[in-house]
Amino acid sequence: MSIAIDWLAFVEVFVAALSAAAVVVTFYAIGLRLLVRAGRAPVVAPADFTDALTVITEKDRKRAAKAAAKAAKKSPLSAGQKRVALVGAYASFSVCAVVVLAGLLLIIFNH
């Protein structure tokens, strides 16, 4: 019994996965950057993990939220520019979602 490997298909899958990962990471980073420029820096509340090495205290969370609000006030962008940055951020996140959904559809429908 011999096993035949279709190396061309392997290379196609490798290139598709690598390029999809690069697109998702790039557009997510662009979206996050535009979100911050729009004055909407994401501040995430700390999670309490039982085995965490470090836990963010409530004081640190408030300090980070205050710093994000201060940075939003110092933004040199006008209201219109902030709106454009926000739309660009949502568009970048949408590109990420479309790429992930396309990958899932390819897996589900086996194309």
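Predicted model: local features only at pLDDT ≥ 70, side-chain atom pairs only at ≥ 80, totals over all residues.
Me: What makes Trp7 and Phe10 exposed?

Reply: Trp7 stands at 53% relative accessibility and Phe10 at 51%; because exposed requires a value over 50%, Trp7 counts as exposed, and Phe10 counts as exposed as well.

Me: How many aromatic pairs are there, and why is the one between Trp7 and Phe10 called edge-to-face?

Reply: The count comes to two aromatic pairs. In one of them, the rings of Trp7 and Phe10 have their centres 5.8 Å apart, with 80 degrees between the planes. Because ring centres must lie within 6.5 Å to pair, and planes over 60 degrees apart count as edge-to-face, the arrangement of Trp7 and Phe10 is called edge-to-face. Trp7 and Phe10 are three residues apart in helix α1, and so they are separated by about one helical turn.

Me: Why is the pair of Tyr28 and Phe93 called tilted?

Reply: The ring centres of Tyr28 and Phe93 are 5.5 Å apart and their planes meet at 50 degrees; because planes under 30 degrees apart would count as stacked and those over 60 as edge-to-face, the pair is left as tilted. Since Tyr28 lies in helix α1 and Phe93 in helix α3, the pair ties together parts that are 65 residues apart in sequence. Tyr28 is partly exposed, with a relative accessible area of 45%, and Phe93 is partly exposed at 23%.

Me: How do you know that Arg61 and Glu58 form a salt bridge?

Reply: The nitrogen-to-oxygen distance between the side chains of Arg61 and Glu58 is 2.5 Å, and because the criterion asks for a side-chain nitrogen of Lys or Arg within 4 Å of a carboxyl oxygen of Asp or Glu, the two side chains meet in a salt bridge. Both residues belong to helix α2 (residues 58-73), where a spacing of three residues puts them about one helical turn apart. Arg61 is partly exposed at 25% relative accessibility, and Glu58 is partly exposed at 42%.

Me: What makes Asp60 and Arg63 a salt bridge?

Reply: The closest N and O atoms of Asp60 and Arg63 are 3.2 Å apart, and because the limit is within 4 Å, this pair qualifies as a salt bridge. Asp60 and Arg63 are likewise three residues apart in helix α2, and so about one helical turn separates them. Asp60 counts as partly exposed at 33% relative accessibility, as does Arg63 at 47%. A search of the whole structure finds two salt bridges.

Me: Why is Ser92 called buried?

Reply: Ser92 has 7% relative accessibility, and because a value under 20% means buried, Ser92 counts as buried. The residue lies in helix α3 (residues 79-109), whose buried residues are Ala85, Leu86, Ala89, Ser92 and Cys96. Leaving aside neighbours within four places in sequence, Ser92 is in contact with Phe27, Ile30, Gly31 and Leu34, and what covers the buried residues of α3 includes α1.

Me: How do you know that the span of α3 agrees with what its number of residues would lead one to expect?

Reply: At 1.5 Å a residue, the 31 residues of α3 should span 45 Å, and because the end C-alpha atoms are 44 Å apart, the two values agree. After α3 comes Asn110, whose phi is positive, near 55 degrees.

Me: Which elements make up the chain as a whole, and what share of its residues is buried?

Reply: The chain has three helices and zero strands, and 10% of its 111 residues count as buried. Among contacts between residues at least 6 apart in sequence, 74% join residues at least 24 apart.

Technical notes. Residues numbered from 1 in each chain as written. Heavy atoms only, no water. Helix = DSSP H or I, 4+ residues; strand = E, 2+ residues; numbered from the N terminus. Buried < 20%, exposed > 50% of the residue type's maximum accessible area, 1.4 Å probe, protein only. Contact = heavy atoms within 4.5 Å. Expected span 1.5 Å × (residues − 1). Phe/Tyr/Trp six-rings, centres within 6.5 Å; stacked < 30°, edge-to-face > 60°.
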